Amino acid sequence: MGASQKDFESAVNQVKLLKKDPGNEVKLKLYALYKQATEGPCNTPKPGLFDLINKAKWDAWNALGDLPKETARQNYVDLVSGLRSSSDSSSQVKPEADKKQAGYETLVITSEDHITKIMLNRPAKKNALNTQMYQEIMLALEAASKDDSTITVFTGSGDYYSSGNDLTNFTDIPPGGVEEKAKNGAILLRDFVDCFIDFPKPLVAVVNGPAVGISVTVLGLFDLVYASDRATFHTPFSHLGQTPEGCSSYTFPKIMGLAKAVEMLIFGKKLTAGEAYAQGLVTEVFPDSTFEKEVWTRLKAYSKLPRNAMRISKQIIRNHEKEKLHAINAEESSILQERWLSDECVNAVMNFLSQKAKL
Ligand SMILES: CCCCCC/C=C/C(=O)SCCNC(=O)CCNC(=O)[C@H](O)C(C)(C)COP(=O)(O)OP(=O)(O)OC[C@H]1O[C@@H](n2cnc3c(N)ncnc32)[C@H](O)[C@@H]1OP(=O)(O)O
């Protein structure tokens, strides 16, 4: 026997109580099954090209064709039941409360041994950077620049360092339309990268796993980059109809030479940790089995060095290029503002959102 109307209504209520966000793909399935169960086959007009969210919803509903209402109702109830069991065993990192700084939702920030650690904490989304995470990182860097730590460390929670810009950032269109969205995105990007250019203390990346897009490009503004041998470095900008950011159009050719930078930034060649080390992007690679232990032992020793000497040395090394980096950041952000409106970029993002096409 199929699910009753009461089972269905109860499942609809349970969705609102899920502890863990099931992700866009599942939300689309739930939406489509709900519409099919309550209204039958999709017969509304297809939304326009730029109405990304409603188009994705329409596509999901329309894909169910003539599926009977009763079957849709049963499939909805089964899907929710599966989600409830996996939501109960959610595994986001929850460190000891006394060391953790409050007020951040997408980051876990701890201060210990003169080290402020900023951990990207959206493991279920491979630590993709959504708008909130960009904003929280800027706040965290501002706070770390003033706290009593000597060094600041970025790392990722779970198996990824970060999968780069959260592609769903493109779907939340404001009343001013896609032009306003692109303009706001360029301002956010510019402000975000400026914080890395201006950061006054030694900045360290502990790259625990694969890194994509903007999480790779800003590494050129870090002072140390330690990588697990599981890490990879990927900047698939052309595949996404986009162009380099994070000052990488300048820092990468400077770090690794023009030929290797072009392979990464134009052709999207993914580097292993060993290759990234050979090309100067990574300071040192460690076996994954001993990565955390070796890196943190090293960083704890470094963090005891005199604070002012380290800060002033960073200034001497970096300050003469700051103005240039700000100008490059402004130019890269403004070029991206136009790119985000291009068919190439819109199609690539829609492709990811609708099919979850993998790189
Ligand atoms: C202010 C704006 C500034 C913008 C600056 C410009 C920045 C540019 C960039 O950073 S370009 C790089 C953008 N990133 C990507 O294109 C990566 C897209 N993701 C993938 O290709 C894959 O997810 C993967 C290879 C990273 C991992 O694959 P796999 O191991 O098979 O895992 P899943 O795909 O199942 O991922 C799990 C879960 O996470 C969601 N997710 C992963 N990465 C992103 C992302 N970048 N944006 C949005 N969502 C992402 C994925 O959809 C899954 O979600 P689900 O469980 O299905 O809900």
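Me: Why is lysine 55 called buried?
Reply: In this predicted model, lysine 55 has a relative accessible area of 15%. Buried means under 20%, so lysine 55 falls in that class.

Me: What makes lysine 55 and aspartate 59 a salt bridge?
Reply: Their side chains meet at 3.0 Å, N to O. The cut-off is 4 Å between a Lys or Arg nitrogen and a carboxyl oxygen of Asp or Glu, and the contact of lysine 55 with aspartate 59 lies within it.

Me: Why are aspartate 59 and lysine 55 separated by about one helical turn?
Reply: Because they are four residues apart in helix α3, residues 52-62. Aspartate 59 has 25% relative accessibility; that value lies between the limits of 20% and 50%, so aspartate 59 is partly exposed.

Me: How do you know that lysine 35 and glutamate 39 form a salt bridge?
Reply: The N to O distance is 2.8 Å, and the limit is 4 Å. Both residues lie in helix α2 (residues 24-39), four residues apart, about one turn of the helix.

Me: Which class does lysine 35 belong to, buried or exposed?
Reply: Lysine 35 has a relative accessible area of 17%. The limit for buried is under 20%, so lysine 35 is buried. Glutamate 39, at 46%, counts as partly exposed, because exposed needs over 50%.

Me: What does the salt bridge of lysine 254 and glutamate 321 tie together?
Reply: The side chains of lysine 254 and glutamate 321 meet at 3.1 Å, N to O. Lysine 254 is in helix α8 (residues 248-256) and glutamate 321 is in helix α12, so the pair ties together parts that are 67 residues apart in sequence.

Me: Why is lysine 254 called exposed?
Reply: Its relative accessible area is 53%, and exposed means over 50%. Glutamate 321, at 17%, counts as buried, because the limit there is under 20%. A search of the whole structure finds 15 salt bridges, and Asp223, Lys314 and Arg318 are linked in a network of them.

Me: What makes tyrosine 134 and phenylalanine 192 an edge-to-face pair?
Reply: A search of the whole structure finds eleven aromatic pairs. In the pair of tyrosine 134 and phenylalanine 192, the ring centres are 4.9 Å apart and the planes stand at 90°. Rings pair if their centres lie within 6.5 Å, and planes over 60 degrees apart count as edge-to-face, so this pair is edge-to-face.

Me: How do you know that this pair links distant parts of the chain?
Reply: Tyrosine 134 is in helix α5 (residues 131-146) and phenylalanine 192 is in helix α6 (residues 177-198), 58 residues apart. Tyrosine 134 is buried at 7% relative accessible area, and phenylalanine 192 is buried at 2%. Both belong to one aromatic cluster, formed by Tyr134, Phe154, Phe192, Phe196 and Phe222.

Me: How do you know that the charged end of lysine 57 sits over the ring of tyrosine 31?
Reply: The charged end of lysine 57 is 5.0 Å from the ring centre of tyrosine 31. The distance limit is 6 Å, with a second condition of within 35 degrees of the ring normal.

Me: Why is isoleucine 316 called exposed?
Reply: At 61% relative accessibility, isoleucine 316 counts as exposed, because that class starts over 50%. Isoleucine 316 lies in helix α12, residues 307-339. With Ile312 and Ile317, Ile316 forms a nonpolar patch on the surface, and together they have about 330 Å² of accessible area.

Me: Why is one side of β5 and of β8 left without a neighbour in the sheet?
Reply: The sheet is open, with three strands in the order β5-β7-β8 and mixed pairing. β5 (211-212) and β8 (271-272) stand at the edges with a single partner strand each, so one side of each has no neighbour in the sheet.

Me: What makes β5 and β7 paired strands?
Reply: They share two bridges, in the parallel sense, and at least two bridges are needed. The bridge partner of valine 212 in β7 is histidine 234.

Definitions and conventions:
Residues are numbered from 1 along each chain as its sequence is written. This is a predicted model: local features need pLDDT of at least 70, side-chain atom pairs count only at pLDDT 80 or more; totals for chains, interfaces and linings use all residues. Side-chain values use heavy atoms; hydrogens and water are left out. Rings of Phe, Tyr and Trp (its six-membered ring) pair if their centres lie within 6.5 Å; planes under 30 degrees apart count as stacked, over 60 as edge-to-face and the rest as tilted. Buried means under 20% relative accessible area, exposed over 50%, partly exposed in between (1.4 Å probe, protein chains only). Patches are made of residues with over 30% relative accessible area and no salt bridge: like charges are joined within 9 Å, nonpolar side chains (Val, Leu, Ile, Met, Phe, Trp, Tyr) within 5 Å. Accessible areas come from the Shrake-Rupley method with a 1.4 Å probe; for residues, only the protein chains shown count as cover.
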